[in-house]
Amino acid sequence: MNQSKISLRDVNRSYEAHNLLESSVVDTVRPWFADLDQPAIKQAITALADSRTREEAMKLLGLELLPAA
């Protein structure tokens, strides 16, 4: 299985992650939101795993997709 790599940036805080496999996005950003115990946030984090729901979830979480270096 060939996965593409992506990079993410939290537009509200100084968090960034570079050259991630798409399958690791959820595990990477979950700690960024550990202090927020809201169902909508948890659902959005889970939605990052699906390319069909990723864009909307990223908007809700304040994440930006960056070109992988």
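The legends below describe close-up views of a predicted model. Local features need pLDDT of at least 70 and side-chain atom pairs count only at pLDDT 80 or more, whereas totals for chains, interfaces and linings use all residues. Residues are numbered from 1 along each chain as its sequence is written, and side-chain values use heavy atoms, with hydrogens and water left out.

View A. Strand 1 (residues 5–10) and strand 2 (residues 16–21) run antiparallel and are joined by four bridges, where strands are DSSP runs of E with at least two residues, numbered from the N terminus, and two strands pair if DSSP finds at least two bridges between them. Five residues lie between the two strands of this hairpin. Lys5 has Leu21 of strand 2 as its bridge partner, while Leu8 stands opposite Ala17 in strand 2.

**View B. The pairing of strand 1 with strand 3.** Four bridges also connect strand 1 to strand 3 (residues 63–66), again in the antiparallel sense, and Ser7 has Leu66 of strand 3 as its bridge partner.

**View C. The largest nonpolar core.** This core, a set of buried Ala, Val, Leu, Ile, Met, Phe, Trp, Tyr and Cys residues joined through side-chain atoms within 4.5 Å, holds 18 residues, of which Val29, Phe33, Leu48, Leu61 and Leu63 touch the most other members; buried means under 20% relative accessible area with a 1.4 Å probe, protein chains only. Helix 2 (39–47) supplies the largest share of this core, four residues, helices being DSSP runs of H or I with at least four residues.

**View D. The surroundings of Phe33.** Leaving aside neighbours within four places in sequence, Phe33 is in contact (heavy atoms within 4.5 Å) with Asp10, Arg13, Ile41, Ile45, Leu61 and Leu63.

Definitions and conventions
Buried < 20%, exposed > 50% of the residue type's maximum accessible area, 1.4 Å probe, protein only.
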